[in-house]
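Keep the structure open while you read.

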Amino acid sequence: MELAGLNIKFLPGVGDKKAAVLYEELQVQSYEDMLYHVPFKYVDRSKIYTIAALNSQLPYIQIKAKIRDLRSVGQGKSLRMTAIAYDDTGTLELVWFKGFKYLSSQIDPAREYLIFGQPSEFNHKLNIVHPEIDPFDKASPLLVGFQAIYPTTEKMKKSFLNSKAIGKIQATIFKTIQGKISETLPAWFIQRHKLLFLHEALYNIHFPENPDMLHKAQYRLKFEELFYIQLNILKIKYKRKTYFKGHPFTSIGTYFQTFYHQYLPFELTAAQKRVIREIRQDCGSGKQMNRLLQGDVGSGKTLVAVMCMLMALDNCYQTCLMAPTEILAAQHYETIRQLLANMNITVALLTGSTKKSEREEIHRGLREGSLQILIGTHALLEDVVAFQNIGLVIIDEQHRFGVAQRAKLWQKNSIPPHVLVMTATPIPRTLAMTLYGDLDVSVIDELPPGRKPVTTLHAFDKKRLEVFQFIEKELAKGHQAYVVYPLIRESEKMDFRNLEEGFEQINQYFLPKGYPVGMVHGQLKPAEKEAEMRRFVSAETKILVSTTVIEVGVNVPNASIMVIESAERFGLSQLHQLRGRVGRGAEQSYCILMTSYKISNDSRKRIDTMTATNDGFEIAEADLKLRGPGDIEGTQQSGLTCSLKIANLGKDALILNEASRIANDILADDPDLLKAENQLFAIQIKRLFKTRITWRYIS
Ligand code: ADP
Ligand code: MG
């Protein structure tokens with residue numbers, strides 16, 4: 001049965017109103033959507049507690065009890081209803097803040113109820129707030145045994161779509177369709193890999209017969225989900241490798257050689273050498289390169305980029321480097337111009353603030369081929385920017401770029417240019433396989449020699465004066481410091497005030513001692529921001545107070561202290577990025593994470609991770625586990641968040657590996673999925689990924 005075509009509003013008990021809420025809150029429209037709205041946890045309702053055995057540490061539990069003394073208490077906002085539940089062993093208070101009418105009509109003091117909820121402690125007494133109650137003799141069989149708990153929202157609850165109601169809807173769907181769920185994996189495949197059938201798996205996800213079946217159901221659904229993602233993305237890779245031509249960079253010529261032998265400012269690290277070799281082989285193969293270059297902050301990706309650009313020039317192609325901000329683009333431009341100063345190469349910078357006359361000059365140079373290297377921001381993507389013959393595109397700090405923007409670059413030549421995407425946000429392997437499985441990956445896993453790892457400390461707000469004194473000592477040695485404040489859109493006004501107050505405080509302390517303080521934030525005009533950054537780069541200002549605008553790429557080796565205010569509000573990868581701004585010189589550097597005294601468990605884990613390790617990959621793994629993939633920067637635009645409904649990349653690495661291996665085997669045997677036994681795979685891929693396939697080539 002085609003469950004995707006059956007509208008949930010026609011299901012008995014749903015109707016227009018609830019259907020609208022389901023769509024708004026969960027994007028659930030069809031029977032199929034609903035079945036894939038899976039529980040986020042299960043509670044064991046096979047056990048019935050006695051009241052005496054309860055305590056506030058228990059998770060959701062159920063008791064069998066009678067209910068007396070139902071009444072309303074308080075007024076206005078504190079209006080609530082309470083009742084006493086009692087069994088042979090004791091009493092327990094029940095509390096409701098809404099649904100009074102319904103309650104009054106429901107509760108019968110003579111009856112026994114199955115009462116379900118989480119005990120908590122209030123005024124040294126145990127109670128359960130908003131318990132679910134069902135007459136014991138009528139409690140549906142669904143309520144005893146293993147029960148699913150569904151994610152719900154406030155809005156859903158207001159429309160009577162709580163977890164229990166969702167469970168009922170699921171049950172009604174199963175009743176209506178009578179087990180007729182079309183299978184999405186071929187029978188031979190299910191048999192070979194010992195999977196449950198789809199209908200069994202879906203049923204057990206919602207109504208587990210026992211823990212073992214639940215486990216098998218989860219496995220089947222996670223496996224299938226990851227398998228199709230892998231099959232799709234690896235198929236694209238096979239296709240690109242088989243059919244797509246690329247500019248062959250056949251020779252290593254004068255530019256590369258001259259630079260390597262005469263102007264290389266330092267010995268390349270072994271990792272840089274290896275990565276350059278990988279890129280060289282790829283670009284020389286006659287196929288189009290699509291490669292992700294991962295390297296922790298400070299690992300020297302810029303130099304790798306420059307050497308790859310020289311390869312393009314040696315083969316008579318133009319090349320461009322795109323950065324996410326003007327500051328970064330300008331910094332790359334300066335670095336690259338200096339590196340190539342004596343080599344007679346034309347390099348230009350194109351950003352939103354490039355003057356019109358200059359801009360026209362650049363456009364002409366690109367068209368005529370006299371301009372060899374272009375560095376810039378999104379301005380590169382404008383249609384008027386046309387190259388004579390572009391051979392290589394490098395994208396720095398990729399996660400700031402939208403997928404559509406990248407796709408635009410792809411179209412700048414009849415034969416697509418080689419693409420190198422550089423990122424300093426290490427991506428856990430599972431996420432890289434899922435998001436970038438069609439890309440080849442190079443990793444710089446080594447920092448240039450002589451770097452001292454940054455020492456990371458945690459300090460409570462109260463210790464601010466001591467932190468200031470510490471900064472002062474570093475400044476006295478001639479170093480510089482960053483102080484970063486969070487600025488988050490939802491709390492922008494208050495954050496901005498904090499930033500300004502922080503700046504005042506720092507200024508008052510440090511200026512009289514002869515240390516000028518600068519401030520940058522997103523509300524400054526680009527030119528002002530630029531000027532302020534320049535003052536810091538040239539050490540005119542000694543402390544830079546800022547929001548996260550300095551997060552990515554900025555390089556001031558003289559800065560040895562990074563203070564992060566309200567560090568509990570930053571994500572792990574952001575903290576790591578910020579810390580990467582220091583430790584770029586030979587001196588010992590420090591990162592100080594300031595937090596309030598009370599922080600959540602997750603914040604505590606993030607802070608602990610930061611103080612424990614400097615390894616970006618370790619941090620990325622921890623991040624994935626703490627946050628789940630949806631929150632990791634850059635994954636929203638990929639569409640991955642909506643497609644991963646069941647699997648969890650933080651936890652399901654083993655299943656992913658298995659799925660990937662099996663997908664690879666199938667493609668090795670049948671790259672276009674043309675064989676009869678693979679038809680269902682081809683159909684499913686089309687169904688699942690039809691909208692994404694076009695831009696996948698470039699991400
Ligand atoms: P990122 O990978 O974060 O972009 P950069 O390319 O900005 O790192 O390099 C960080 C710093 O390391 C720069 O100051 C750069 O000059 C320096 N650097 C790069 N490669 C080497 C090397 N092989 N030896 C010594 N220093 C290097
Ligand atoms: Mg960089």
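Is asparagine 344 buried or exposed?

1. Asparagine 344 is exposed, because its relative accessible area is 71% and exposed means over 50%. You'll find asparagine 344 in the loop between H12 and strand S12 (347-350). Have a look at its backbone too: phi is near 55°, a positive value in a residue other than glycine.

2. Now the big picture. Bear in mind that this is a predicted model. The chain has 699 residues, and 52% of them count as buried. Its secondary structure comes to 26 helices and 22 strands. Along the principal axes, the C-alpha atoms fill a box of roughly 95 × 75 × 45 Å.

3. H12 covers residues 326-339, which makes 14 residues. From first C-alpha to last, H12 reaches 20 Å, close to the 20 Å expected at 1.5 Å a residue.

4. On to ligand 1. It is surrounded by 17 residues, and the closest are Gln272, Gly298, Lys301, Thr302 and Arg451. By class, this shell has five nonpolar, seven polar and five charged residues. Helix H11 (residues 301-314) gives the largest share of the shell, with three residues.

5. Zoom in on the oxygen atoms of ligand 1. One lies 2.6 Å from a backbone N or O atom of glycine 298. Glycine 300 also takes part through its backbone, with a polar atom 3.1 Å from a ligand oxygen. With arginine 584 it's the side chain instead: an N or O atom there is 3.4 Å from an oxygen atom of ligand 1. Taken alone, ligand 1 exposes 570 Å², and the protein buries 83% of that.

6. S6 (residues 119-122) and S7 (residues 125-129) pair in the antiparallel sense over four bridges. One pair to find is proline 119 with its bridge partner in S7, isoleucine 128. Two residues sit between the strands, and asparagine 123 in the turn has a positive phi of about 50°.

7. One last loop. Alanine 539 lies between helix H18 (526-537) and strand S20 (543-546), and its phi is near 65°, a positive value in a residue other than glycine. Alanine 539 counts as partly exposed, at 24% relative accessibility.

Conventions:
Residues numbered from 1 in each chain as written. Chains lettered and ligands numbered in written order. Predicted model: local features only at pLDDT ≥ 70, side-chain atom pairs only at ≥ 80, totals over all residues. Heavy atoms only, no water. Near = heavy atom within 4 Å. Polar contact = N/O pair within 3.5 Å; in protein donor to acceptor, adjacent residues only side chain to side chain. Areas by Shrake-Rupley, 256 points an atom, 1.4 Å probe, with all protein chains shown as cover. Nonpolar A, V, L, I, M, F, W, Y, C, P; charged D, E, K, R; others polar. Pairing = 2+ DSSP bridges. Expected span 1.5 Å × (residues − 1). Buried < 20%, exposed > 50% of the residue type's maximum accessible area, 1.4 Å probe, protein only.
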